[in-house]
Amino acid sequence: MGEGISDYTKFCIDLRRHMWMAGVEMELRRLIWQIAVTGKYISAKIHESNRKLAGFKNIYGEEQLSLDRSADTILKNQLQFSGFVREYASEEQDAVVHIGEGSEKYFVTADPLDGSSLVDSNLSIGTIIGIHNGSMMGDGRNTIVAALYITYGPLITMVYSAGKGTHEFVLNREGEYVLSQENIRLKKRGYIYCLGGLRKDWTQSHLQFVEYLEAEGYTLRYSGGFVPDINQLLIKNGGVFTYPALKKNPNGKLRLLFELQPMAFLMEQAGGSATDGKKNILDIPVDDIGQRSPIYIGSHFEVEKARAFLEKA
Ligand code: F6P
Ligand code: MN
């Protein structure tokens with residue numbers, strides 16, 4: 001008998017089945033599923049509007065492609081009709097948007113299209129999502145219940161955690177997210193390092209940490225897209241990504257709510273860790289949606305090493 005589509009798919013575990021088997025609560029399951037499906041619409045938009053610069057600026061003054069706005073609108077509209085989301089906060093909006101009626105359980109944060117300036121050079125870009133229960137402000141650890149990212153690269157993949165490990169799915173040609181790696185685990189120590197920011201802007205203690213990694217023979221792997229850079233650490237099972245405090249920007253570049261908390265959650269669920277140099281990322285209180293923080297994220301050994309170098313400062 002030939003290998004028809006049904007023969008093939010019946011041996012795959014798709015996202016919905018995985019979440020059900022893992023005991024993820026029903027509303028959360030539906031919400032994660034809906035966001036994953038929204039990733040397909042965003043990907044269609046990327047294909048449709050490739051290379052068209054619209055010249056918008058976002059509220060942080062960075063160059064923005066119209067694609068960022070489209071992705072934001074698609075996400076907001078999809079979540080609005082889910083019935084599970086009370087508030088939506090996005091890197092593309094200057095304030096939290098109340099999209100529910102007020103009684104919904106979940107608060108969703110989004111970086112709708114991270115790394116969108118890489119589109120014209122055809123590098124991978126991604127969507128980052130955090131799902132919080134009750135509130136999205138305060139310590140992430142008390143509120144975040146799930147996180148996921150979608151990578152738009154040669155393949156479209158989705159990595160999620162609902163607090164029961166971190167798992168990867170690949171979008172197949174039949175339009176299903178099928179399980180590709182269950183329970184991703186980081187090694188205690190890796191061999192890859194990713195360095196954000198310019199060397200001339202680094203602090204002395206950060207520079208010393210990087211010199212340590214270089215002396216130890218770590219391999220530099222930095223695409224400039226947060227999603228594929230973090231994805232590489234998870235899929236290659238270790239290493240470290242840093243976007244440090246800079247001399248002129250002590251809080252670095254990346255945003256706690258939209259970028260760092262979801263990745264810290266996924267990383268911790270895979271046995272890794274994330275710190276700003278002193279505190280764990282999930283223990284830093286958030287009181288402003290645009291709040292930034294330095295980050296050292298990845299394998300336990302490298303993150304602890306970073307902490308030790310920064311302590312000396
Ligand atoms: O969202 C900001 C971002 O594009 C991330 O995807 C990436 O990690 C970072 O900026 C890269 O910054 P830089 O170009 O300063 O290294
Ligand atoms: Mn971003």
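**Reading helix packing and buried residues**

Me: Which residues in α3 meet α4?

Reply: Contact means heavy atoms within 4.5 Å. Here Leu31, Gln34, Ile35, Thr38, Tyr41, Ile42, Lys45 and Ile46 in α3 meet Leu67, Ser70, Ala71, Ile74, Leu75, Gln78 and Leu79 in α4. By class, that contact has 10 nonpolar, 4 polar and 1 charged residues. Keep in mind that this model is predicted.

Me: At what angle do α3 and α4 pack?

Reply: Angles over 145 degrees count as roughly antiparallel. Helix α3 spans residues 26-48 and helix α4 spans residues 66-80. They pack at about 150 degrees, with axes 10 Å apart. The two are therefore roughly antiparallel. Their crossing is right-handed.

Me: Is Thr109 buried or exposed?

Reply: Buried means under 20% relative accessible area. Thr109, found in strand β5 (residues 106-114), has 0%, so Thr109 is buried. Beyond four places in sequence, the contacts of Thr109 include Ala89, Ile128, His132, Met136 and Phe258.

Me: Which backbone oxygen lies 3.3 Å from a polar atom of the Thr109 side chain?

Reply: That of Leu257.

Me: Where is Tyr218 placed?

Reply: Tyr218 sits in the loop between α6 (204-215) and β13 (219-220). Tyr218 has a relative accessible area of 8%, so Tyr218 is buried.

Me: What does Tyr218 touch, not counting residues up to four places away in sequence?

Reply: Among others, Arg189, Leu213 and Phe301. Tyr193 is also touched. Tyr193 and Tyr218 are 25 residues apart along the chain, with C-alpha atoms separated by 6.3 Å. Glu302 is another partner: a 2.8 Å polar contact joins the side chains of Tyr218 and Glu302.

How values were computed:
Residues are numbered from 1 along each chain as its sequence is written. Chains are lettered from A and ligands numbered from 1 in the order in which they are written. This is a predicted model: local features need pLDDT of at least 70, side-chain atom pairs count only at pLDDT 80 or more; totals for chains, interfaces and linings use all residues. Side-chain values use heavy atoms; hydrogens and water are left out. Axes are lines fitted to C-alpha atoms, for helices over the stretch in contact, and angles run from 0 to 180 degrees between N-to-C directions. Helices (H or I, at least four residues) and strands (E, at least two) are DSSP runs, numbered from the N terminus. Angles under 35 degrees count as roughly parallel, over 145 as roughly antiparallel, 65 to 115 as roughly perpendicular and the rest as oblique. A crossing is left-handed if the near helix is turned anticlockwise from the far one by less than a right angle, and right-handed if clockwise. Ala, Val, Leu, Ile, Met, Phe, Trp, Tyr, Cys and Pro count as nonpolar, Asp, Glu, Lys and Arg as charged, and the others, Gly among them, as polar. Buried means under 20% relative accessible area, exposed over 50%, partly exposed in between (1.4 Å probe, protein chains only). A polar contact is a pair of N or O atoms within 3.5 Å; within protein, one must be able to donate a hydrogen and the other to accept it, and residues adjacent in sequence count only if both atoms are side-chain atoms.
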